[in-house]
Amino acid sequence: APGSDLLLWSIAWENRAEEFGIWEIDFPRIGGVGPGGQVCVPNKWGTVHQAPMAGSGYRATYPSPRAFAQMMCWWGERAGLYYAAHDPEAGVKELSALNDGDATVALDVVTSPAGMGVPAAQGSLGYEVAVGSFDGDWFDAGKLYRRWALQQFWTRKGPLAEREDVPRWWKDCALSMRPTGEPEFVADFGAQLQAAFEMEAVLHWYNWHNNPFDNDYPEYFPAKPGFGETVAALQAAGVHVMPYVNGHLWDTDTASWEAENARSGAALTPDGDLYIEGWQQQQHAVMCPHSELWAEKLRQIAVRLADEYGCDGIYLDQIGAASPRLCFATDHGHPVGGGGFWARGYDHLLEVMRAACHAINPRFIMTTESQAEPYMAGLDGYLMCNLVGANQVPLYSAIYGGYTQTFGRLGEVDNPVA
């Protein structure tokens, strides 16, 4: 690369087979890295492994909290090796750092391209993989990646402090609470905790709807009796209410599944089947974020919370936490298979929701579970409740400090006010 020590790898081909198309691209595999040293991968906050790594090593699908960025690195006593997929479309891919012989590791990326299996005379990786040496450790490699990442579509809105679409109350917020249950309990909980800390807060409300948790998504309305009154009282006291909504699933045994032809907006396997997640013994279909049906459904829910109930936010579960699905639907407006449709779909979906809700309430925020980089422009924050484990380092913060806000950590206490 001009003015850089990084080598940029790519690959292109001509296809002489009229009936076959490329399914996946495994390139480039850099083996024999080491011996010894340490490896940092974008899992949770950032996870450091000693080489040789435990078990076979690390393998994760991007974008997800197990691969929140598209980079890995190795370093020893005298040098480090930077390895990153500089993919501006944030396409679906698998990162891996695997044991590779005598205390060495192999760094690899397997890309699931757009148009998987579709015959084409020519093709290419579509982006460049950057490989090069550096001095330092995971922090220095994170800064290399940051230089590239701050030029991509997910950081286009600039530093958080300069973003006019992010309300001041959220930028200054230092207290988050997550009660669950009936409006009377939530009102008392929020008021007591806010009074004890004497500061504004965000209240992340689960089970505000009549349906059981993880059941009958996305049929949340009508809300429990007293929900609207509780929202108004809490927000008047400086506790900003952010109800839970699932941004990923549609329960297949709901009346709306049939009535609204929800299957037409679901992600489909290569055989045309649904991707099913079973929560609370329910069969939930994974929805395609690129489908207009799913985008409109989430917009309607968010607008109703902002308008009818006056909420100051919405929490969209699983958008950041769930790995993307390869979608082979032919009527969602994206090429079949992989590529950047998943990240770009959510980016557009969130932008539309944001504009609609801010037209009603400029203080409205949108957050999700866990952190994955390509959703950053459309979200105000990431709930980091699941990101605990051994050998953690703040790689995520090193890359995106100043551009993102995180909140929350699950805990159990007998008396939250005391």
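This is a predicted model: local features need pLDDT of at least 70, side-chain atom pairs count only at pLDDT 80 or more; totals for chains, interfaces and linings use all residues.
## Cysteines without bonds

The count of disulfides is zero. Take C73 as a case. Its closest cysteine sulfur belongs to C40, at 4.9 Å. A disulfide needs two cysteine sulfur atoms within 2.5 Å. The gap between C73 and C40 is therefore too far for a bond. C73 has 0% relative accessibility, so C73 counts as buried.

C311 is in no disulfide either. For C311, the nearest cysteine sulfur is that of C357, 10 Å away. C311 is also buried, because its relative accessible area is 0%.

## A parallel sheet

Seven strands make up an open sheet. Read across the sheet, the order is β14-β15-β16-β20-β21-β22-β23. The strands pair in parallel. Two strands stand at the edges: β14, residues 176-177, and β23, residues 406-407. Each has a single partner strand, so one side of each has no neighbour in the sheet.

Now look at one pair inside that order. Strand β16 spans residues 239-246, and strand β20 spans residues 313-317. The two pair in the parallel sense, over three bridges. On β20, D317 is the residue that stands opposite N246.

## One cavity

How many cavities of 30 Å³ or more does the whole structure hold? The search finds one. The largest cavity has a volume of about 30 Å³.

## A serine in a loop

S370 sits in the loop between two strands of the sheet, β21 and β22. Strand β21 covers residues 365-369, and strand β22 covers residues 381-383.

Is S370 buried or exposed? Its relative accessibility is 1%, so S370 counts as buried. The cut-off for buried is under 20% relative accessible area.

What does S370 touch, leaving out residues up to four places away in sequence? Its contacts include P65, G320 and A321. S370 also touches Y382, L383, N386 and L387. Two of these names, Y382 and L383, fall within the residue range of β22.

How values were computed. Residues are numbered from 1 along each chain as its sequence is written. Side-chain values use heavy atoms; hydrogens and water are left out. Buried means under 20% relative accessible area, exposed over 50%, partly exposed in between (1.4 Å probe, protein chains only). Two strands pair if DSSP finds at least two bridges between them. Helices (H or I, at least four residues) and strands (E, at least two) are DSSP runs, numbered from the N terminus. On a 1 Å grid over the protein atoms alone, a cavity is a set of points where a 1.4 Å probe fits but cannot get out, and a pocket is an open set with protein on both sides within 12 Å along at least five of seven lines; lining residues have an atom within 4 Å of a point. Grid points are joined across faces, edges and corners, and a volume is the space filled by probe spheres set on the points. Contact means heavy atoms within 4.5 Å.
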